[in-house]
There are 2 protein chains.
Amino acid sequence: MIKFNAALEKIIDSVEPIESESVRLTGALGRVLAEDIYSDTDIPGFDNSAMDGFAVRSSDTICASSDNAKVLEVIEDIKAGDIAKKTIDHNQAIRIMTGATIPKGADSVIMVEYTKKIQNKPRESIEVYKELAAGENIRKKAEDIKKGELIISRGTLLNCGHIGILASLGRPKIQVVRRPKIAILATGDELVGVGQRLAPGKVRSSNTYTLYSQIVKCGCIPKNLGIAKDIPSQLEKKIRRGFDCDIILTSGGVSVGEFDLVKDVLAKIGTKIKFWQVAMRPGKPLVFGNIGKILIFGLPGNPVSGMISFEVFVRPVLLKMTGQRQDRQIEIEAVLEEDIQKKKGMRYFLRARTRWQNGRYLSRLSGPQGSALLKPMSLANSLVILGESQVFFKKGSKVKVRFLD
Amino acid sequence: MIKFNAALEKIIDSVEPIESESVRLTGALGRVLAEDIYSDTDIPGFDNSAMDGFAVRSSDTICASSDNAKVLEVIEDIKAGDIAKKTIDHNQAIRIMTGATIPKGADSVIMVEYTKKIQNKPRESIEVYKELAAGENIRKKAEDIKKGELIISRGTLLNCGHIGILASLGRPKIQVVRRPKIAILATGDELVGVGQRLAPGKVRSSNTYTLYSQIVKCGCIPKNLGIAKDIPSQLEKKIRRGFDCDIILTSGGVSVGEFDLVKDVLAKIGTKIKFWQVAMRPGKPLVFGNIGKILIFGLPGNPVSGMISFEVFVRPVLLKMTGQRQDRQIEIEAVLEEDIQKKKGMRYFLRARTRWQNGRYLSRLSGPQGSALLKPMSLANSLVILGESQVFFKKGSKVKVRFLD
């Protein structure tokens with residue numbers, strides 16, 4: 001039996017990064033960027049108006065106020081997207097819309113709210129009621145992004161803001177890391193498919209569906225290899241159908257029972273087994289190994305054990321495999337709302353509801369903690385993580401918590 | 001100008017729930033359940049073994065220990081999925097695998113680790129080294145889910161655990177709420193497509209892509225209506241192409257400028273406009289209305305304003321539209337790491353990086369807060385929310401924070 005941290009280290013050491021592919025920008029959200037993005041342009045590309053109003057010379061507005069209006073002649077109108085033909089001179093203004101290029105001669109923009117049209121003048125004029133500083137209401141060229149700047153680096157998980165930047169930079173396609181492909185094989189004579197009738201002693205293969213969902217949630221591509229009976233030749237044949245994947249997950253058949261054949265079959269087909277059994281609860285009977293670049297997880301058959309193993313072992317694998325920078329914090333601390341007794345030497349991952357209240361997180365178990373009980377798992381929004389050495393955690397103590405959603 | 005809370009209330013009041021559809025279980029993750037799920041069976045369906053070992057009568061193990069082995073005869077082997085043919089009598093055992101049905105006559109299971117095979121006996125026998133309590137290592141019928149129980153209720157956002165339960169219950173298809181369809185129309189003469197060359201004064205339509213990504217992230221279906229010039233007939237024609245959607249988002253053209261035509265066009269095509277301009281930053285120039293059941297958001301054209309408006313107004317709409325129970329907390333408190341000065345009467349949503357450190361959240365701004373600056377938006381993992389009345393927030397004060405990812 002191996003300690004949790006040592007197991008995680010052995011797993012991570014076995015991970016090889018995978019290659020990139022080109023995707024359209026509309027499909028890039030949540031993907032890991034596989035290239036450094038430098039800006040080939042300034043953004044904004046030109047000084048432009050932050051307001052709807054009039055481009056003016058600030059020196060023409062000195063001492064302007066509601067009691068002391070300054071009069072300016074409006075010599076042109078420009079919309080966003082247009083360029084003024086004229087240059088502003090002393091006591092002149094150009095009507096300008098948000099985002100439009102600042103005309104030559106102007107150094108500031110007065111909001112339309114601080115102006116008034118003067119009626120019945122031969123040339124269009126406005127009164128101005130506010131003194132402006134040079135630069136006021138102007139967005140300077142390159143104030144968001146400078147030409148040549150490294151603006152999004154390789155390994156970034158792309159969010160909606162990044163997608164907007166890539167659009168602004170004119171990148172309809174970008175290189176991202178390929179989505180890992182993960183095979184799932186449920187094993188055991190007791191299993192039947194979700195649509196089948198239950199004969200006595202049989203159960204439906206829920207693990208196929210929980211693992212499938214977890215894979216989808218991580219942004220990976222699931223490949224369902226179905227259910228294998230406890231027959232070595234059938235196990236082997238079905239596992240081999242996952243050889244086009246980056247990771248193969250088997251479920252069940254890795255305990256100490258005499259029909260737990262998965263370990264033997266994995267070894268027979270050339271899996272370099274790195275460890276079997278981890279000092280954790282749930283999830284103790286885990287086999288991990290690799291066949292070349294393919295990582296093989298022989299997950300325990302109990303529904304919750306398989307889900308937790310995925311959460312704590314497969315997720316970190318995906319970060320390294322896709323080269324994702326780990327700038328997201330996944331663990332916080334919470335105050336326990338009940339006493340918890342545990343076994344020494346084992347790391348516990350308990351299903352819990354954690355909520356923010358009065359400036360801190362509070363955690364309570366979401367139900368009984370049996371590793372076959374899916375209901376408390378479905379009610380949990382988090383895992384309470386209890387270290388190996390301590391055996392008793394009193395109500396009110398602080399514990400590490402990882403959110404599940 | 002309307003206060004933020006009043007605006008949100010008017011919006012939510014306008015939302016009508018949408019209908020449901022049938023999906024396969026593999027596509028149900030993250031969908032909102034549209035039916036109450038009652039269990040038509042007990043789970044587990046029968047008493048079964050939690051361990052690999054031997055089913056025994058606990059009374060036969062009284063006082064068993066490593067110094068005082070009890071000898072039992074092994075009368076049958078059963079695998080998971082099998083049913084024993086024999087009934088256990090005094091001093092008998094049946095070899096049993098995890099998950100297999102407990103044989104008649106047995107009331108407990110001894111782990112294989114506490115037993116030893118006896119060699120050279122005419123009938124197979126084991127030594128037992130541990131005293132068992134009745135019920136030990138047995139998972140009782142219905143201990144997870146009882147027949148007839150309401151197990152997942154309508155309005156639940158389905159997580160991986162729920163999917164496992166639905167598989168166990170034999171539900172290959174379920175009713176979920178249809179995914180809302182949301183149209184996006186970017187407006188403005190200054191806009192060009194992401195793949196086009198930038199002429200002077202032009203910018204690329206990044207809002208199309210940020211909004212598209214936000215819609216996808218919420219699990220909705222985006223419909224890109226492209227870019228409309230500031231020409232009423234073109235605006236009208238393109239907006240009408242969104243009439244098959246639940247929500248139409250336009251971007252730009254809702255400010256006070258003379259070319260901000262979107263408001264007028266919306267009114268002309270029959271939009272019942274509920275308000276224009278919200279006392280918030282960014283996002284002040286928002287128009288909201290409806291045409292029958294279709295909700296219309298005239299979003300501000302500044303990239304960050306549009307994104308924040310989506311986050312704080314469209315997301316809550318989706319919760320009500322899909323009938324999702326709101327049991328997820330979205331706001332926590334954090335300690336500000338810098339002084340912030342703001343304008344009275346406006347609610348602020350500031351782009352920030354928030355991290356957990358020493359038992360509390362700390363927030364600092366992710367860059368300058370101009371509403372056109374996408375870089376600080378892309379660097380933010382959260383929004384710091386500052387209420388209307390207060391104008392100065394000192395470093396060290398506690399503020400409300402909403403996470404973006």
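In this predicted model, the contact between the two chains draws 74 residues from chain B and 74 residues from chain A. Sorted by class, the side of chain B that touches chain A holds 31 nonpolar, 28 polar and 15 charged residues.

The element α6(B) lies across β17 and β21 (294–299) of chain B, and its direction makes an angle of about 160° with β21(B). Both strands belong to an open sheet of six strands in chain B, arranged in the order β16-β13-β17-β21-β20-β18 with mixed pairing. The edges of this sheet are formed by β16 (221–228) and β18 (272–276) of chain B; each has a single partner strand, so one side of each is left without a neighbour in the sheet. From one strand to the next, the twist averages 15°.

Within this sheet, strand β13 (residues 181–187) of chain B runs parallel to strand β17 (residues 247–251) of chain B, and five bridges join the two. In this pairing, A186(B) stands opposite S251(B) in β17(B). In general, strands of a sheet pair through backbone hydrogen bonds, either parallel or antiparallel.

With strand β28 (residues 398–403) of chain B, β22(B) pairs in the antiparallel sense over five bridges, and here V335(B) stands opposite K398(B) in β28(B). With strand β25 (residues 360–365) of chain B, β22(B) runs parallel and is joined by two bridges. In that pairing, V335(B) stands opposite L362(B) in β25(B).

A loop residue of chain B gives another local view. R123(B) is placed in the loop between β8 (115–118) and β9 (125–128) of chain B. R123(B) is exposed, because 8 other C-beta atoms lie within 10 Å and a residue counts as exposed at 12 or fewer. Although R123(B) and E73(B) are 50 residues apart in sequence, their C-alpha atoms are 7.0 Å apart in space.

The description now turns to chain A as a whole. Its secondary structure comprises seven helices and 28 strands. The radius of gyration of chain A is 32 Å, well over the 22 Å that the globule rule gives for 405 residues, so chain A is more spread out than a compact globule. Along the principal axes, the C-alpha atoms of chain A fill a box of roughly 100 × 50 × 40 Å. Chain A is divided into domain 1 (4–17 + 179–321), domain 2 (24–44 + 144–177), domain 3 (48–139) and domain 4 (331–403). The C-alpha centres of domain 1 and domain 3 of chain A are 68 Å apart. Of the 405 residues in chain A, 50% are buried. Among the contacts in chain A between residues at least 6 apart in sequence, 69% join residues at least 24 apart.

Chain A contains an open sheet of six strands in the order β7-β4-β6-β5-β9-β8, and the pairing in it is mixed. Here β7 (108–111) and β8 (115–118) of chain A stand at the edges; each has a single partner strand, so one side of each lacks a neighbour in the sheet. The twist in this sheet averages 40° from one strand to the next. Strand β4 (residues 53–56) and strand β6 (residues 92–96) of chain A run antiparallel and are joined by three bridges. F54(A) stands opposite R95(A) in β6(A).

I294(A) is found in strand β21 (residues 294–299) of chain A. I294(A) is partly exposed, because 18 other C-beta atoms lie within 10 Å, whereas a buried residue has 20 or more. Apart from its neighbours within four places in sequence, I294(A) is in contact with F243(A), C245(A), D246(A) and I248(A). By comparison, D327(A) is 33 residues from I294(A) along the chain, and their C-alpha atoms are separated by 26 Å.

Key:
Residues numbered from 1 in each chain as written. Chains lettered and ligands numbered in written order. Predicted model: local features only at pLDDT ≥ 70, side-chain atom pairs only at ≥ 80, totals over all residues. Helix = DSSP H or I, 4+ residues; strand = E, 2+ residues; numbered from the N terminus. Contact = placed C-beta atoms within 7 Å. Rg over C-alpha atoms; globule rule 2.2 N^0.38 Å. Pairing = 2+ DSSP bridges. Axes fitted to C-alpha atoms, helices over the stretch in contact; angles between N-to-C directions. Domains from an automatic or database assignment. Nonpolar A, V, L, I, M, F, W, Y, C, P; charged D, E, K, R; others polar.
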